[in-house]
Amino acid sequence: MTSLAKVPVTVITGFLGAGKTTLIRHLLEKSAGRRLALIVNEFGDVGVDGEILRACGIASCPDENIVELANGCLCCTVADDFIPAIEALLARTPRPDHIIVETSGLALPKPLVKAFDWPAIRAKLTVDGVVAVVDAAAVAAGRFADDPEKLLAQRAADASADHDNPLEEVYEDQLLCADLIVLNKADLLSESEIGTVRGDVQAVVPRAVKIVTTSEGRLDPAILLGLEAAAEDDLAARPSHHDMEEGHDHDDFDSFVLDVPALDDPAKFVERLKQVAEEHDVLRMKGFLEVRGKPMRLLVQGVGTRFRQQFDKPWLTGANRQGRLVVIGEKGLDQAAIAAALAA
């Protein structure tokens, strides 16, 4: 690559818990010598995804090439956060061969792609492709569809009220901007269910977009990189529910962090998390927890009531072992009740 060549950027988007970080980790492991750099954006205050990726220890993407932007959303903070992060990566020697941007699960990708049309960026970078990762099991379960009973109740209470579904809008905006759609977690579904999900996704996207199916984000990098979409030149073909808005915020969603004391029985605690997620309709929980007597930190991740946990790496010497859990849900999430339930 000459010094004048544009550096390709792949934007990886997808709703909370779709499996973006797992897909990126697999991509790093199979990068075949490419010098990669990452920008990881999270909606909550605790940077879980960046920590997971740093734990990879992969030479092609050293820690200094991983930039973490927490407590915000790149689609809202392009000028303040994204541009400086990109400039810092491009100033590195050697320069990255390819930059991966992992958006937060609540981000709209189109405003981010628009930023690549800014003269200062256009001369240096191009959007090689927008990859939308889909939690196929969540789609099959109707997570992004309207609840008919809830909708009827809203209309009965106020027939003139405008109806919107913020989950559906974010999910559809991510699909509508994509050059490649990855149906992840296919191992949780039957072949017929996967076919139904594929049909549902195709019904949302008005243009021909390749759809691939996988589990645990395991895809050959050749499928994800080198799409040469130049998405910044193709914005008109990527409609959004928010095209007519001046800006975009996340007033429909809440996020908070809970400190969690050291655990004696992590399995029992995870069962309690499942119960809380169901009772309060929590969208996402994730964090690192301390298990008493264990030298390694416990990574816990939940999507709705589906949870998984694993010891991912030892606590650093001298590190604060305080367990912290990010909780994300729709507006009105009862933080006090959730905290009390988990402290019981």
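**Close-up views of the predicted model**

**View A. Lysine 274 counts as partly exposed, with a relative accessibility of 28%.** Residues are called buried under 20% relative accessible area, exposed over 50% and partly exposed in between, using a 1.4 Å probe and protein chains only. The model is predicted, so to speak of local features a pLDDT of at least 70 is needed and side-chain atom pairs count only at pLDDT 80 or more, while totals for chains, interfaces and linings use all residues. Residues are numbered from 1 along each chain as its sequence is written, and side-chain values use heavy atoms, with hydrogens and water left out. Lysine 274 belongs to helix α11. Helices (H or I, at least four residues) and strands (E, at least two) are DSSP runs, numbered from the N terminus. Beyond its neighbours within four places in sequence, lysine 274 has contacts (heavy atoms within 4.5 Å) with Thr305 and Phe307.

**View B. An open sheet is built from five strands in the order β8-β12-β9-β10-β11, with antiparallel pairing.** Strands pair if DSSP finds at least two bridges between them. At the edges are β8 (253-260) and β11 (306-314), each of which pairs on one side only. Neighbouring strands of the sheet are turned by 15° against each other on average, direction ignored. Helix α11 (residues 266-280) packs on the sheet and touches β8, β9 (284-289), β10 (296-303), β11 and β12; its direction makes about 140° with that of β11. Axes here are lines fitted to C-alpha atoms, for helices over the stretch in contact, and angles run from 0 to 180 degrees between N-to-C directions. Strand β8 is joined to β12 (residues 323-330) by eight bridges, and the two run antiparallel. Phenylalanine 253 has glutamate 330 of β12 as its bridge partner.

**View C. Strand β10 is mostly covered, with seven of its eight residues buried.** On one side, six bridges connect β10 to antiparallel β9, and valine 300 of β10 stands opposite glycine 287. The hairpin of β9 and β10 has six residues between the strands, and glycine 293 there takes a positive phi near 85°. Eight bridges connect β10 to β11, again antiparallel, and valine 300 stands opposite glutamine 309 of β11. The hairpin of β10 and β11 has two residues between the strands; in this hairpin glycine 304 has a positive phi near 60°.

**View D. Two aromatic pairs are counted in the model.** The ring centres of phenylalanine 15 and phenylalanine 144 are 5.0 Å apart and the planes stand at 85°, so this pair is edge-to-face. Rings of Phe, Tyr and Trp (its six-membered ring) pair if their centres lie within 6.5 Å; planes under 30 degrees apart count as stacked, over 60 as edge-to-face and the rest as tilted. Phenylalanine 15 sits in the loop between β1 (7-13) and α1 (20-29), and phenylalanine 144 in the loop between α6 (136-140) and α7 (148-157), 129 residues apart. Both phenylalanine 15 and phenylalanine 144 are buried. Phenylalanine 144 and tyrosine 171 have ring centres 4.2 Å apart and planes at 5°, so they are stacked. Tyrosine 171 is in helix α8 (residues 166-176) and phenylalanine 144 in the loop between α6 and α7, so this pair ties together parts 27 residues apart in sequence. Phe15, Phe144 and Tyr171 make up one aromatic cluster. The relative accessible area is 6% for phenylalanine 144, which is buried, and at 8% tyrosine 171 counts as buried. Nine of the 11 residues of α8 are buried, among them Leu167, Val170 and Leu175.

**View E. Asparagine 184 is buried, with a relative accessible area of 3%.** Asparagine 184 is part of strand β6 (residues 180-184). Leaving out residues up to four places away in sequence, asparagine 184 touches residues including Ala18, Gly19, Asp135, Ser215 and Glu216.

**View F. In residues 147-155 the pLDDT stays under 50.** The pLDDT is the predictor's confidence in each residue, from 0 to 100. For residues 147-155 the model has two contacts beyond four places in sequence. Residues 158-163 also stay under 50, with three such contacts. Where pLDDT is low, the predicted coordinates should not be read in detail. The protein averages a pLDDT of 82, and 80% of the residues score at least 70.
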